[in-house]
Amino acid sequence: MTCKLVVIGAGMASGRMLEELDTSAFDITLFGAEPRGNYNRILLSPVLAGEQEFNEIITHDAAWYAEQGITTRFGETVVKIDKKKKLVVTPQGTTPYDKLVIATGSASFFIPVQGNDLPGVVGFRDLDDVEAMLAAAGKTDPKAVVIGGGLLGLEAAAALHKQGMEVTVLHLMDHLMERQLDPAAGYLLQKELEGRGINVVCKAHTAAILGKDHVEAVLLEEGDLFPADLVVMAAGIRPETRLAIDASIRVERGIWVDDAMQTTAEDIYALGECVEHDTVVYGLVAPLFDMAKVLAKTLQGQTAAFVPPMVSTKLKVTGVDLFSVGDFAEGEGREEIVFRDPARGIYKRLILRDNKIIGVVMYGDTADSGWFFDKLKSGEDISEIRETLIFGPAYQGGEMMDPLALVAAMPDSAEICGCNGVCKGTIVQAIQDGATDLGAIKAVTKASASCGSCSGLVEQVLAVTLGDDFQAPAPAGICACTDHSHEDIRRIIKSQQLKSIPAVMQEMSWKTSCGCHICRPALNYYLIAEFPLDYADDLQSRFVNERNHANIQKDGTYSVVPRMWGGITTPQELRAIADAAEKYNVPTIHVTGGQRIDLLGVQRQDLPAMWADLNGAGLVSGHAYSKGLRTVKTCVGSDHCRFGTQDSTGLGIKLEKILWGSWTPHKVKLAVSGCPRNCAEATCKDLGVICVDSGYQVSVAGAAGMELKQTEALATVETEQEVIDLAVAFIQLYRESAAYLDRPYKWVAKVGLGWVIEQVVDDAENRAALCERFEISQSVYRTDPWAEQAKPEYQTNKWATLADLTLEAAQ
Amino acid sequence: MTSWIDIAALDDVPPRGARVVKTAHGCVAIFRTAQDRVYAIDDACPHKKGPLSEGIVHGTAVTCPLHNWVIDLQTGMAQGADEGHVNTYEIKVENGRILLDSTRLMARTAA
């Protein structure tokens, strides 16, 4: 007969246990007090902060339970366990069990003061709590008091602050998160939160919660009074043990369980936050998941034992990097290594005993936390690397494998160049046949000839193969036509006032008569950037897309992308686009990531007529093909969004109207987000603006392509005009000093963000001069190339075929 | 035997550029180099049929706009590591006019 398994509680622990269990062997009934399925409670903070939706954090929905053949009784509360008759009792009736699992979790601990039952006092455990908090945040000038400065309380405080509430955190102890942090890290955290505008009061003893029909204020024993529309109880959790106590099952702080998750009663098991194992009650999820695995095995008759894992803590507050694990109290026989950088707000502390790491606290920079955690778990003796230990893995000479050894160990079949499918053996063969530098290997094998990201590896293969004969490449010329670098070329163009491609080639001793497809577009760009008024753009030195003002596709057709300023369009524009798509038989219409519409599969000869039609509706080139300004992505900002702090759309349009048409070393993409939720994804752009209540955060040098990189702060300013000046100056500086085909993030990495800030932010005079030079260039280039290229003279000179011999053949 | 057809003025093709002539068996690209020499080759790269007429012309070669194969305009042969070739056609300039030998083009059409 199938075993009747009854589970009380549909939370994360029981959900994981059911996942681990072979459910076909049981007849399972699941009771849950909340009228909804199982969701990831850990992610309630992001839901509260508005960073995620509730449906994103659901882990098991009704369909999942149905698939597993589990009967769900959500919203039905178990009020009693009858051990003798092996029944559970609910107001709706009784349900028999063969085996019973108690997974009732925990409830927020409501500190025992007067007024703790007033409406407006909530815990932070479930979705109902979150909804109550969001309702309070929607009032005018809302104020919240969070009681408890631990993990949960601070996440709630940060989220409520983000929702626009004035937030005060009252914490009983001397410093925040005292269970996870030492005083120094607690201090840094407090400073960070206060810097964001969250009021933090430590050593705060709550005397009473005041209010008539609803909470109005919190009073401290010290006499301070904090007005509040909402009070969040986050002073700890209390295991939900009532059912077990009533059934005379052993309960300490939580329901007592042995290593197999069995309670003191026959056929009754328990797991999750409601249990106590070996005198410890757990509140973090990792150990609960371990319990789930153990209990699933126990129920299936296998032996398993719960071993308390080492648990690390990270705070889920955006922008706060904090990590702690292990034991970090001071004590006999313990040593510590501490690193502090107050200016950058970085603090790292390792606690050692017998030359082993037993505790780690990190604040501000937690990049190496995984490495330290591994060392802690493995119990490795660190005496050998103690001197540099605190600096992390990058400074451990012996830890890093010699990269050459790595390459030497690769088999000949290992692929080095993914773009062109070139393996190590092919490269080695080419080297043995006489290709002894990167350029030669590129020419013979195509390795590193496409994206170039493997050129370091190719050089390592060279070094390994040639041994002592290998010479590290001198600063290479930009192509086979010259030995000069991009930087040299730019410098000499400027100092010698070389105003044409032939002049540059002559003066700089080009080795070829008229360059190649690598150097000519670069030279053309440098001359445009240096002499916008004197130099005539050389179309024959432009890549096809920039010559034809459309993107060539694999079959020789083109894609046409009209500009949509800031991503805003109108019914008229959409009609014109739809009409053009039909008229020119566009097979594919695609919406781009930059908030534009892409018309793909246009025949070359149709381009000018199509542009003329689009021009007629006021649409201009979107420059989706250019090394120039592509798009300024925006969200709808304060115009429509209930969270928007500024007119992000309007600012985006202003930026785009100023910047469009400009040529740059590589493509440039901007975004403006109306609030820190950052819906326009501004923090991975070449230049991103995040609007905040007090102004605008401008950051630069992000990347979201072959490499992924967050932007770095340039400056925070108060007005739109300042944003525009910064953006223009930054882009002009990039135009004037970057190597062709370096995106801004690569250029900034070369010149240093500090230098960029000096030039663009600190030196107002220089910023104005950059803006002025940009405007001079734009007096020539801020124009629609489609309108120009659709003129009749281009039809005969460029777009029409030179001759049609098919007619002659027909004669 | 050659059969010259006057297809256009030399100045109709930009220096270091190309224009296209339609023929019954496909497009032929007419190139003009910086030194005003002209070449005619099939307008389809041996690699993935990229339109060579849209490539950057340098020396007596063109770089295909799709994947940067470099094709020698005199021989039609791919350069460097790439292997492949395109058809070339007889062409000359007389009195500022470009003349293309249509023998092969016509023969093919007839065949």
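An open sheet of four strands in chain A has the order E31-E32-E34-E33, and its pairing is antiparallel. Strands here are DSSP runs of type E with at least two residues, helices are runs of type H or I with at least four, and both are numbered from the N terminus. Two strands count as paired if DSSP finds at least two bridges between them. Strand E31 (551–552) and strand E33 (588–591) of chain A each have a single partner strand, so one side of each is left without a neighbour in the sheet. E33(A) is joined to strand E34 (residues 597–602) of chain A by four bridges, in the antiparallel sense. In this pairing, Ile589(A) stands opposite Leu599(A) in E34(A). Helix H19 (residues 607–616) of chain A packs on the sheet and touches strand E32 (558–560) and E34 of chain A. The direction of H19(A) makes about 5 degrees with that of E32(A). Axes are lines fitted to C-alpha atoms, for helices over the stretch in contact, and angles run from 0 to 180 degrees between N-to-C directions.

The model is predicted: local features need pLDDT of at least 70, side-chain atom pairs count only at pLDDT 80 or more, and totals for chains, interfaces and linings use all residues. Residues are numbered from 1 along each chain as its sequence is written, chains are lettered from A and ligands numbered from 1 in the order in which they are written, and side-chain values use heavy atoms, with hydrogens and water left out.

Chain B also holds an open sheet. Its three strands follow the order E1-E10-E9, with antiparallel pairing. Strand E1 (4–9) and strand E9 (91–94) of chain B are the edge strands, and each pairs on one side only. From one strand to the next, the twist averages 30 degrees. Four bridges link E9(B) to strand E10 (residues 97–101) of chain B in the antiparallel sense. Glu94(B) stands opposite Arg97(B) in E10(B).

The two chains meet in an interface. In chain A, 37 residues are in contact with 38 residues of chain B (heavy atoms within 4.5 Å). The area buried between the chains is about 2800 Å², with 59% given by carbon and sulfur atoms. Buried area is the accessible area (1.4 Å probe) that two parts lose on being put together, summed over both.

Three salt bridges are counted between chain A and chain B (a side-chain nitrogen of Lys or Arg within 4 Å of a carboxyl oxygen of Asp or Glu). In one salt bridge, the side chains of Arg547(A) and Glu54(B) meet at 3.1 Å, N to O. Elements giving two or more residues to the chain A side include helix H16 (519–530), helix H17 (544–548) and helix H28 (805–810) of chain A. H28(A) gives the largest share, four residues.

Strand pairing joins the chains as well. E42(A) and strand E2 (residues 17–23) of chain B run parallel and are joined by two bridges. Asp804(A) stands opposite Lys22(B) in E2(B).

Over all chains, the count comes to 38 salt bridges. Within chain A, the side chains of Lys99(A) and Asp267(A) meet in a salt bridge at 3.7 Å, N to O. This pair links distant parts of the chain, 168 residues apart. Lys99(A) lies in strand E9 (residues 99–102) of chain A, and Asp267(A) lies in the loop between strand E20 (255–257) and strand E21 (268–270) of chain A.
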